[in-house]
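Please view the sequence and the structure below before reading on.

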Amino acid sequence: MSGTGFWVDLYLSEQRLGGGFLVVHRHVLTAFHCLRGSVAEGGRVDVVLADGTRLAGEVRQCDPPADLALVTVLDARQVTVRIPGAGTALSGDAWHGPYRPTRADAHLLGTVDHPGLEYELTSGEQVRALQLGARPERLDDYAGYSGGPVVKGVPDGPSSEILGILQEQLLERLTRDRAVGVLFAMTIAEAMRRFEVLSVEHMMGSLGHPIDSLSGDHERSADGIPHDPDDLVTLLSDGIEAWAKRTSLDASHISELKSAVEKVVLRQLGGDPV
């Protein structure tokens, strides 16, 4: 399946809640408002993949002020689609949204007007967001696209990095009754920082299988993971550096990922925090 097949639909029984997308094979990122107040943390939902496969999921964590929710696929072994890595945008970059609410709806695409502005959501929360010029421009209402991924480049193009998650639309200032072709999407880096487990696991997923692919003489268990927490931190930190060479992550993001890895490993396995 192509890189566009990582988007999903979320269902509560037969009620469609909204869209989202896989960021690693076990986690789906969506907009909190897509849950429609019907599902709380720990609640069960169905995750329907782009090919129609229906999987059981559970709402793992919600961040209502940031309008984000994280859903865990309960049997991630059934998820075999390729998931693009995270990326960053420049003004003027092309973008597209592979997710659409129904087959009768248009695919969204356009250009990045601003790659990272401080934006205030309707909740009052301040986030780092992409300002997007969108086509089709005369939909009047882009409701239903929220929670879908913003992907760098044009459909079926060579680039497929995830830039952000669609959240809000700009309404006409006087009447506030129709959209004007400008959308706002939280950057994927901002979303990853909101969920500690996501920031670590997205890094590992983007590496493919870092434990197998990285060199080292650490003492490891049968599944290839070092026994010693400090060795595991070192191995994963090396993986972050290797991943960073293939992406446009800046030094601050690299440092954040390393710090998150260290905290999670030492908290779960023990060791001496730096």
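A charge sits over a ring if NZ of Lys or CZ of Arg is within 6 Å of the ring centre and within 35 degrees of the ring normal. In this predicted model, the charged end of Arg54 sits over the ring of Tyr11, at 4.9 Å from the ring centre.

| Pair | Distance between centres | Angle between planes |
|---|---|---|
| Phe6 and Phe21 | 6.1 Å | 90° |
| Trp7 and Tyr99 | 5.5 Å | 70° |

Planes over 60 degrees apart count as edge-to-face. The planes of Phe6 and Phe21 stand at 90°, so this pair is edge-to-face. It links distant parts of the chain: Phe6 lies in the segment before strand E1 (7-12), and Phe21 lies in strand E2 (residues 15-24), 15 residues apart. Phe6 counts as buried because its relative accessibility is 1%. Phe21 is buried too, with a relative accessible area of 0%.

The planes of Trp7 and Tyr99 are at 70°, so this pair is also edge-to-face. Trp7 belongs to strand E1, while Tyr99 is in the loop between strand E7 (94-97) and strand E8 (108-120), 92 residues apart. Both Trp7 and Tyr99 are buried.

How confident is the predictor, and what is the mean pLDDT of the protein? The mean is 82, and 76% of the residues reach 70 or more. Over residues 207-218, pLDDT stays under 50, and the model has 21 contacts beyond four places in sequence for them.

Terms used: Residues are numbered from 1 along each chain as its sequence is written. This is a predicted model: local features need pLDDT of at least 70, side-chain atom pairs count only at pLDDT 80 or more; totals for chains, interfaces and linings use all residues. Side-chain values use heavy atoms; hydrogens and water are left out. Rings of Phe, Tyr and Trp (its six-membered ring) pair if their centres lie within 6.5 Å; planes under 30 degrees apart count as stacked, over 60 as edge-to-face and the rest as tilted. Helices (H or I, at least four residues) and strands (E, at least two) are DSSP runs, numbered from the N terminus. Buried means under 20% relative accessible area, exposed over 50%, partly exposed in between (1.4 Å probe, protein chains only). pLDDT is the predictor's confidence in each residue, from 0 to 100. Contact means heavy atoms within 4.5 Å.
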